[in-house]
Amino acid sequence: QIFQDYGFHPLVQRWIIGQCLCVDERTVSSYGIRRDGDTAFLYLLSAKMAELTEERYEEDQARVMLSSISSSSLPSDGEQRKYNTLPNMPPKKGLALPRCRQGGQRSAMP
């Protein structure tokens, strides 16, 4: 979502929630994020530090743009998935946080 909305590639994103450096295998809710307004910090690495090439950035950006175009032309609800992968929570306004990106389970916070 951050890549699509703001252009920060997932490889340069480091999410910190509750003094933990988030990992892909866990969901945002597993770190204690429950509602709009809960705190999460996004740290950005340089592309060089994340070993992100310009070619990879452009390829991934094109892929995201194509997927957003194709998802806007999806068939009606009856032809989509018959199940819901989201938790049973009412929708909330605001920025939806992506799943946490790379790194260890704990971070040494100053």
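Buried means under 20% relative accessible area, exposed means over 50%, and partly exposed lies in between (1.4 Å probe, protein chains only). This is a predicted model, in which local features need pLDDT of at least 70, side-chain atom pairs count only at pLDDT 80 or more, and totals for chains, interfaces and linings use all residues. Residues are numbered from 1 along each chain as its sequence is written, and side-chain values use heavy atoms, with hydrogens and water left out.

Start with the cysteines. Cys20 is buried, at 10% relative accessible area. Cys22 is buried too, at 0%. A disulfide is a pair of cysteine sulfur atoms within 2.5 Å. The structure holds 0 of them. The closest cysteine sulfur to that of Cys20 is in Cys22, 7.1 Å away, so it is too far for a bond.

Now the backbone. Most residues other than glycine have a negative phi. Gln19 is not a glycine, yet its phi is positive, about 65 degrees. Gln19 sits in the loop between β1 (13–17) and β2 (20–21). Strands here are DSSP runs of E, at least two residues long; helices are runs of H or I, at least four; both are numbered from the N terminus. Gln19 is exposed, at 52% relative accessibility.

Glu51 also has a positive phi, about 55 degrees, and is not a glycine. Its loop runs between β3 (41–44) and α2 (54–71). Glu51 is exposed, with a relative accessible area of 72%.

Finally, strand β3 holds Tyr43. Tyr43 is partly exposed, at 44% relative accessibility. Tyr43 and Arg14 are 29 residues apart in sequence, but their C-alpha atoms are 5.0 Å apart in space.
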